[in-house]
Every structure is written in C-alpha cells, then in structure tokens.
Amino acid sequence: MNYTSTRDASKVFSASEVIVKGISDDGGLFVPSSFPHLDAKLMDELSDMTYPERAAKILSLYIDDFSFEELLIYANKAYSRFDGDACPVVKIEDGLYMLELWHGPTCAFKDMALTLLPHLIVAAKKKLGRKDKTLVLVATSGDTGKAALEGFKDVEDTEVIVFYPSKGVSPMQKLQMTTQTGKNVHVAGIVGNFDDAQSAVKRIFNDAEIKKELEASGYKMSSANSINWGRLAPQIAYYISAYLDLKDAGEIKAGDKVNFVVPTGNFGNVLAGYYAYKMGLPVNKFIIASNANNVLTECFNDGVYDVNRDFYKTMSPSMDILVSSNLERLIFEVCGRDDAYVRNLYAELAAEGKFEVEAETLRDGVFEAGWADEEETKDAIFTFFDLDDYVMDPHTAVGASVYNDYSCETDDDTPTVILSTANPFKFTSDVLCALGGREKDPFKALLKLQAITAMDCPENLLGLDRKEQIHTKVVDRDKVAQAVLDFVRESAEKR
Ligand SMILES: *Cc1c(COP(=O)(O)O)cnc(C)c1O
C-alpha cells in the first residue's frame, strides 16, 4: 500500500515513511492510495478473532511493510493495558448500542490508537534504518495529550511535548497531564484555545529554521495528533469490530446496514469510520455530532466552512475545535482526489478563514450532521441515566442528543451505534450536575457521582489530587517554538 499527500498527489510514500513523518512537507495530510476490500471471507475470518487480532489484521492491510505477526505483538501489548475488553459494545435498548472506547489507561478513546502508535513509530524507524531521535509534538484539547504522554513515556530515543489550552480542559484532564511521570515527557499550557495550540504546533512542523535546529541535536519531529496516519489507522478497526460484535450477538445479520453516531472535534474518529465504509462495511449513516462549536454542522448542511466565529468553551472540551484537520482528508476523497482543488481550498482557509464546498458532495450520501448545546447535552446525560441506567460523559452525550434529534426527524430505525468516547469520571462535576447533583470540587463530585450511579471510578483517576504537579509551565502562543527548543535543550542537559 502506497500513500500520497492531499496537497500533492504525485508524491508516493510507504506506510513506514508516513508514520514517522506525521505530516507531509507540503502541509497536506497523508492518505492511502486505495482502500482494501472487506469481502465476506475476510469478515468471517475477522469474526473469529480477538480484538487485538482484528486490529492487527486490519492494520496489516494498510501497513503492509509490517507483517501480521509483528502487528499482533504490538496490538497485544497495546490492548493488554486496557481494563478488560478493549472496546465492548453495550446494548442500551433494542436497536441502540454504545461502543465504549474508553477502557484504556487514560479513560478516553484516544488510547485506542495512542497505546499502539509508539510501537509503530519505533518499528517504522528501524525499518527505514533511521537512527535519529523522535520528537513527538502534540496539541491537545484534553484527551490526546494524556494518552500521548502515557503511550510515549520512557519510549527509547523519543521525547514527547504536549501543549494544551491552559484554561480549556477539565480539571481531571489537566491533572492527568500535569502529574505525568517519565524521563522524556514535557507538558505546557498555552495562553489561548485549542486552535491556537494546534496552529502553533502545525507551524513548527513547517518551520525550516526550527527543523534545522532540532536536526542539529539529532531530532526529527513526528505527530501524535490524528493528522498522523498511525493514529487514524488503528481507529478503523473498532468500527469493523463493533459491526462483527453486533452480528455475533444476533442483533444484526451479515450485510445489514448500521448507523454510527460520532461525537466529533478534529474529525479523526468519524473519518476512520468513513474509511471502514470505503472498505465495504455496510453503513447507512455516519451522524456527525458537534457541540456549540458547530462549524462542521454548518459545513455539512450548507457547504460553508467558516472559522471566523466565536469560540465556545463547553463541557465537552475535547470537541472545542474550529479547525478540524481531518476534514481535508474527506474533501480529498469526495472531490475525486483532486489535489489542486484541496490545495486551493486550504490556501483560502489560511488567507480568509473560510471556504465553500458543495454540501451534497461532502455528505457523499452517508453523512448527516447536527449539534447540541449545553442544556441538550445535560438533558441527554439525565435521560439516558433515568431511562436506561447508562452513565455518559458529556462528549458521548452530545452524540446521544444529536441522535435523538435525528431519529425524531427521520424515523430512521436502522440499528445505531453511538461511539462513547470518554469515561464519565473524567468530567465529574458536569456529569453530576446533569444528574441533579452539585459540587464544584471534582474529587468531591467524584465521590457523589459514585454514590448516585453505583459506578466505580477507574483507579487511574482516583487520587490524582494527591499526586505531585510536575509540569506547571504556561507559555504565550507566540512562544511555543521557543518552548520546544528549551525542552529539547533541558533533556539534553539531563543526559
Ligand atoms: C478527541 C475526542 C473527541 C473528538 O474526536 P475527533 O477524532 O477529534 O473528532 C470526542 N470525544 C472525546 C472524549 C475526545 O477525547
């Protein structure tokens, strides 16, 4: 399988190259040259497998410079860090299911890929014969940062640097990052929002000066954000796996179509689902759910992508995003892989902060989009607990609320899977409030939430308030490049 860039389709890369590089030098994103086909025989084969085997098999179709056996070693290492099944499908009521993606070490769906990515990067470097050290740069809206820190801590020849919006993440998310241990981890807050963090990091990737300086110290940069193909590819597997689980449980028959509802920020999660669909997975609709930062809702309904708008801080901070990077990959597919078209659109976005596409083309017959405000999000948390005894985090609740609207408006009774993206205990105060309790202190709220829901808080969130806060640095958004160089110098001095 070869890869190319969304902004220059004449380029050709191997899987190892795109995993190590993260983003193309032309500013475009790496995409596979074609989509492997999921035929009935392959589906049967996958059906009999464990989750790590399914993931390794599906990855081996895309990352073909690795063998299935090798990928299976990495998948087993990654998913053995999960608490029980990696991604169970939970039945809520007839025809409605939750795909729980948060049983990993940091309690958010980012673990599905970020426990695996470090193994892929280290192995890809070996295959390419590269001896340089890797600098993993991450901009996070809350969950990617912690998952990257856990995934890359103490990985050989690797430093990981995470930037998060200093006032834009939940107290749990912040503590998870500021208390991170490990010899090679660095964390700093940014004065600004996630988009500021993301564009600062993207600028560094394309900054020849910094690249030169880093290379002089033996580093090459890579990304752990979902712009990296190695982040996206492992996410394809759980869509296929969820489908097989529904079939094996007798909830659907082979070939039946299902809907997936995906709480969306950077468009990585839902794009992985679209790739599974392109492989032949029977999907009726992907329902893209946004919070008040509803730039994608507008784009899919009206064709206008306009980031010149207010940025809202919501109770689903990992979706507080206006510049949704992976949309570029979808546009590349639906416009017939026209790299010049994509290049022009993104030049327009850089210059004007907006562009226009044809909404119907973008929807490709398979996407629907909606959004939920804070009240609707809370209502969904309350209702699901009240009626179905199911506790959701606010991101998942945005999905549930948007699905509720969709099913009322359409009468679509296709079996539907909502992707549940975080453990509710990452957002204790807001979830408690939605359930009618009140407590600002996140750890007191945790105890109350346990009492109300009879659900146990995961071990790795308990006691975060008693851990030492190691990383307290906050930098201005125009000082991010300097901070990166300082971090690299610091670790060189420590060695
Ligand atoms: C990252 C994240 C999302 C958004 O996923 P994207 O791939 O960025 O669209 C949704 N929910 C949670 C809990 C997240 O951490």
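Predicted model: local features only at pLDDT ≥ 70, side-chain atom pairs only at ≥ 80, totals over all residues.
Which residues in α12 are buried? I looked them up: Gly268, Asn269, Val270, Leu271, Ala272, Gly273, Tyr274, Tyr275 and Ala276. Buried means under 20% relative accessible area, exposed is over 50%, and partly exposed is in between (1.4 Å probe, protein chains only). So α12, residues 268–278, is mostly covered, with nine of its eleven residues buried. Helices here are DSSP runs (H or I, at least four residues), numbered from the N terminus. Just past α12, I found Gly280 with a positive phi of about 120°.

Residues are numbered from 1 along each chain as its sequence is written, and side-chain values use heavy atoms, leaving out hydrogens and water.

Next I checked Asp339, which sits in helix α15 (residues 339–352). Asp339 counts as buried because its relative accessibility is 17%. I then asked what Asp339 touches, leaving aside neighbours within four places in sequence: Thr6, Arg7, Asp8, Ala9, Ser10 and Phe332. Contact means heavy atoms within 4.5 Å. The Asp339 side chain also reaches the backbone nitrogen of Ala9 at 2.7 Å.

Last, the helix pair. I saw that α14 (residues 327–334) packs on α15 at an angle of about 145°, with the axes 9 Å apart. Axes are lines fitted to C-alpha atoms over the stretch in contact, and angles run from 0 to 180 degrees between N-to-C directions. From α14, Leu327, Glu328, Ile331 and Phe332 meet Asp339, Tyr341, Val342, Leu345 and Tyr346 of α15.

Key: Helix = DSSP H or I, 4+ residues; strand = E, 2+ residues; numbered from the N terminus. Polar contact = N/O pair within 3.5 Å; in protein donor to acceptor, adjacent residues only side chain to side chain.
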